[in-house]
Amino acid sequence: MSPSRIGLFGGTFDPVHAGHLRVAQAALEEACLDRLFFIPAARSPFKVSEVPSAGRDRLRWIRLALAGRNACEVDDSELRRGGVSYAVDTMRAYRKRYPEVSLLYLIGADHIKTLPEWRDAIELARDVEFLAVPRPGESHVAFPEPFRGSYLSGLPCQVSSSIIRQRVRCGKSISGLVPAFVEEDIVNRNIYL
Ligand code: ATP
């Protein structure tokens, strides 16, 4: 059966963590998505001065994290495209591949206020609906016109990739914050040290 509601989850995923997985679960359940694509960015437009971990590592961690989650898939197109990854380019590719579907773009609530700054914001606002997940410390803000979106419920989760990287640098455990296989890979290969 062809999908009618597709979720797009863009991010740096350096590394993928329990917060991302919670967002995915909430979106699948509450927004009735048929499929959800995790789309790791080559470079985030909002983090151009930061060099992320190698794309192949971030991809592998996402694949490990999604094992057994049948509705979720990894899309490496932004990594293959290289350069700064803009959501609108990815959205256009999905629109071409799935002309009839509803595209729902997942974001943390911290990104809502930045939407007008996204490349080709008007086109993006016309073609996708946003799903926001609360993040701790972020109050519910309205989606700026002309963006359309709604909030997913679910408890805000403190985890972020930067907290994880920082904990590894300080020699602290990341157990429970990332899937076990991802933790093992990060620790065994001295990633973030
Ligand atoms: P960093 O700490 O390095 O900035 P991050 O944890 O925010 O990274 P990203 O991969 O940049 O992770 O985020 C991808 C998307 O997931 C963003 O829209 C972000 O807001 C959202 N997100 C990340 N963590 C959470 C969380 N704990 N709860 C809700 N949304 C989240």
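1. A salt bridge, as the term is used here, is a side-chain nitrogen of Lys or Arg within 4 Å of a carboxyl oxygen of Asp or Glu. In this predicted model, the side chains of Asp120 and Arg92 meet that description, with an N to O distance of 2.8 Å. The pair links distant parts of the chain, since Asp120 lies in the loop between E4 and helix H5 (121–127) while Arg92 belongs to helix H4 (residues 87–97), and the two are 28 residues apart. Across the whole structure, a search finds eleven salt bridges.

2. Turning to the ligand, I note that it sits in the largest pocket and that 23 residues surround it, the closest being Phe13, Lys47, Asp110, Ser161 and Ser162. Sorted by class, this shell contains eleven polar, eight nonpolar and four charged residues.

3. Several elements contribute to the shell around the ligand: strand E1 (5–11), helix H1 (18–30), strand E4 (102–108) and helix H6 (161–169) each supply at least two of its residues.

4. Which atoms of the protein lie 2.9 Å or 2.7 Å from an oxygen atom of the ligand? At 2.9 Å from a ligand oxygen there is an N or O atom in the side chain of His17, and at 2.7 Å from a ligand oxygen there is a backbone N or O atom of Ser161, a residue that is also listed among the closest to the ligand. A nitrogen atom of the ligand, in turn, lies 2.9 Å from a backbone N or O atom of Cys157. Taken alone, the ligand would expose 600 Å², of which the protein buries 92%.

Terms used:
Residues numbered from 1 in each chain as written. Predicted model: local features only at pLDDT ≥ 70, side-chain atom pairs only at ≥ 80, totals over all residues. Heavy atoms only, no water. Near = heavy atom within 4 Å. Polar contact = N/O pair within 3.5 Å; in protein donor to acceptor, adjacent residues only side chain to side chain. Areas by Shrake-Rupley, 256 points an atom, 1.4 Å probe, with all protein chains shown as cover. 1 Å grid on protein atoms, 1.4 Å probe; cavity = no way out; pocket = protein on both sides within 12 Å on 5 of 7 lines; lining within 4 Å. Sits in = over half its atoms within 2 Å of the grid points. Helix = DSSP H or I, 4+ residues; strand = E, 2+ residues; numbered from the N terminus. Nonpolar A, V, L, I, M, F, W, Y, C, P; charged D, E, K, R; others polar.
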